[in-house]
Each structure stands twice: as structure tokens, then as C-alpha cells.
Amino acid sequence: MVRDAFAGLQATLNDTCTPGAGDCGYFLGRVHEELMGLDAAMKADAKGPGHFPEPLAWIADLRTTLDGDTSTENLETHRTELIGVRDRINAWMQDHPDDYR
């Protein structure tokens with residue numbers, strides 16, 4: 001499950017949007033959705049959530065930052081944090097001994 005969820009997140013790596021141009025809603029919503037799916041997969045993994053401490057902490061911090069508001073406006077406001085969590089998780093997962101690529 002984690003490998004599949006991570007693949008979904010990696011599929012967003014080459015996508016982008018231009019803030020203020022109106023094309024960020026789908027992209028940022030997708031990144032958020034992929035992060036939440038990865039979060040659920042990591043928590044449900046047989047190795048337990050302790051196997052993924054940093055990514056789960058980064059996602060929890062992002063969840064706190066967003067404060068339950070996943071509107072396009074709020075995702076655009078926190079675009080840097082959202083993309084930053086995606087990129088940190090991507091690097092962490094690729095460096096993980098289990099190599100989730």
C-alpha cells in the first residue's frame with residue numbers, strides 16, 4: 001500500500017502551477033490528496049507508523065497548518081509548505097533502506 005501511495009505522490013513531481021493564474025486548484029488539491037493517502041497507507045502498514053516517523057510528522061504539521069481548510073485559496077496560501085512536504089517525503093522515501101520507488 002505504501003509503495004502504491006508513494007507512486008501517486010511521485011506522479012505529482014513534474015506537475016506545477018502558476019500562483020494567481022487560476023491553475024493551482026487541481027494541482028495543489030491533488031498533492032494534498034496524495035499526501036493524505038500516503039499518510040493513511042503509512043499508518044496502516046504492517047511495519048507500523050514508527051517505520052515512517054519523519055514523513056508522518058511532516059504531514060501532521062501540514063495538517064495543523066491547513067487547519068482543516070482544503071479550499072483552493074488556503075492550499076494556495078500554504079503552497080510552499082505543501083510542496084515542501086511533498087519534496088521532503090520524496091527524498092526521505094528514496095533514501096529509506098526499503099527504497100519505496
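Helices, as named in these legends for a predicted model, are DSSP runs of H or I with at least four residues, numbered from the N terminus; in that scheme, Thr 18 lies in the loop between α1 and α2 (24-44).

View 1. Leaving aside residues up to four places away in sequence, Thr 18 touches Asp 23 and Cys 24. His 51 is 33 residues apart from Thr 18 along the chain, and the C-alpha atoms of these two residues are separated by 35 Å.

**View 2. The disulfide between Cys 17 and Cys 24.** A search of the whole structure finds one disulfide, and in the link that joins Cys 17 to Cys 24 the S to S distance is 2.0 Å. The angle about the S-S bond is 95°, and the link is right-handed.

**View 3. Contact of helix α1 with helix α5.** The axes of α1 (residues 2-10) and α5 (residues 79-95) come within 11 Å and cross at roughly 135°, which means that α1 is oblique to α5. The crossing of these two helices, α1 and α5, is left-handed. On the side of α1 the contact is made by Val 2, Phe 6, Leu 9 and Gln 10, and on the side of α5 by Arg 86, Ile 89, Asn 90, Met 93 and Gln 94.

How values were computed
Residues numbered from 1 in each chain as written. Predicted model: local features only at pLDDT ≥ 70, side-chain atom pairs only at ≥ 80, totals over all residues. Heavy atoms only, no water. Axes fitted to C-alpha atoms, helices over the stretch in contact; angles between N-to-C directions. Parallel < 35°, antiparallel > 145°, perpendicular 65-115°, else oblique. Left-handed = near helix turned anticlockwise from the far one by under 90°. Contact = heavy atoms within 4.5 Å. Disulfide = S-S within 2.5 Å.
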